[in-house]
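Open the model in your viewer and show the side chains. This tour goes from ring to ring.

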Amino acid sequence: METRNFYILIVSIMVGISVFWLSTYSFIILDVDPLQNIKNIFGGDDVVILTIRGNVVEEKEFTLSDIKSDRYMQIQNREFHIVNAIGREYYLTFSGVSLWNILDVESLLNHDSSTFLFIGGDGYYAETVLPLALAENYTDQVILAYEQDGQPLFLDGPLMSVVDHELIPNKANTHYSIKNLKTIVIQ
């Protein structure tokens with residue numbers, strides 16, 4: 001009995017050390033914020049929720065009130081065709097702001113900027129980047145959504161990227177629907 005308890009203690013310590021180092025890795029290297037969902041619910045409109053960085057003129061941070069402002073092209077109640085990895089198709093209605101319009105109004109892009117990548121607060125990102133031409137040519141189909149069916153995105157937000165399936169017909173577009181969107185990297 002004492003030998004078994006000793007082994008349980010050793011395994012518990014090893015698991016604890018593993019969890020500690022994996023958590024440290026996710027917080028520091030992947031820039032994961034463990035309190036993000038709490039901030040989303042109680043943070044208000046003045047908390048920085050999005051950063052655009054990478055191959056840009058200057059790194060820019062946005063609050064939810066910035067995103068919702070009349071300065072940018074707002075997309076209201078637009079239906080998006082969604083296809084997931086197993087081929088299930090459905091339609092969802094989102095309201096948000098045009099990604100291209102933000103980049104254009106803020107003059108953030110360098111002359112050699114060509115792609116973008118969405119990264120969530122949990123470190124998740126799509127496996128491939130998308131060309132900026134998609135956002136430029138289809139301004140109302142690549143958005144940063146803050147509402148679904150007229151309701152704020154509480155658990156999935158406050159911001160979520162949405163790309164219509166029409167723009168990437170050979171792939172599942174749910175990979176580009178990044179919940180709790182925190183960073184957009186321009187390359």
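Is Phe20 buried, partly exposed or exposed? Select Phe20: this residue is partly exposed, with a relative accessible area of 48%. Keep in mind that the model is predicted.

Trp21 is exposed, at 55% relative accessible area. Trp21 counts as exposed because its 55% is over the 50% cut-off.

Next, look at the two rings together. A pair of aromatic rings is described by two things: the distance of the centres and the angle of the planes. The structure holds five aromatic pairs. One of them is formed by Phe20 and Trp21. Their centres are 5.0 Å apart, and the planes make an angle of 75 degrees. That pair is edge-to-face.

Move on to Phe80 and Phe94. These two also form an aromatic pair, again edge-to-face. Check the numbers: 6.0 Å centre to centre, with 70 degrees between the planes. Where do the partners sit in the chain? Phe80 belongs to strand β3 (residues 74-83), and Phe94 to strand β4 (residues 89-98). The two are 14 residues apart, so the pair links distant parts of the chain.

Phe80 is buried, with a relative accessible area of 0%. Phe94 is buried too, at 2%.

Stay with Phe80 and select Arg78. Arg78 lies over the face of Phe80, at 4.8 Å from the ring centre.

Last stop: Lys60 and Phe62. What sits over the ring of Phe62? The charged end of Lys60 does, 5.9 Å from the ring's centre.

Methods:
Residues are numbered from 1 along each chain as its sequence is written. This is a predicted model: local features need pLDDT of at least 70, side-chain atom pairs count only at pLDDT 80 or more; totals for chains, interfaces and linings use all residues. Side-chain values use heavy atoms; hydrogens and water are left out. Rings of Phe, Tyr and Trp (its six-membered ring) pair if their centres lie within 6.5 Å; planes under 30 degrees apart count as stacked, over 60 as edge-to-face and the rest as tilted. Buried means under 20% relative accessible area, exposed over 50%, partly exposed in between (1.4 Å probe, protein chains only). Helices (H or I, at least four residues) and strands (E, at least two) are DSSP runs, numbered from the N terminus. A charge sits over a ring if NZ of Lys or CZ of Arg is within 6 Å of the ring centre and within 35 degrees of the ring normal.
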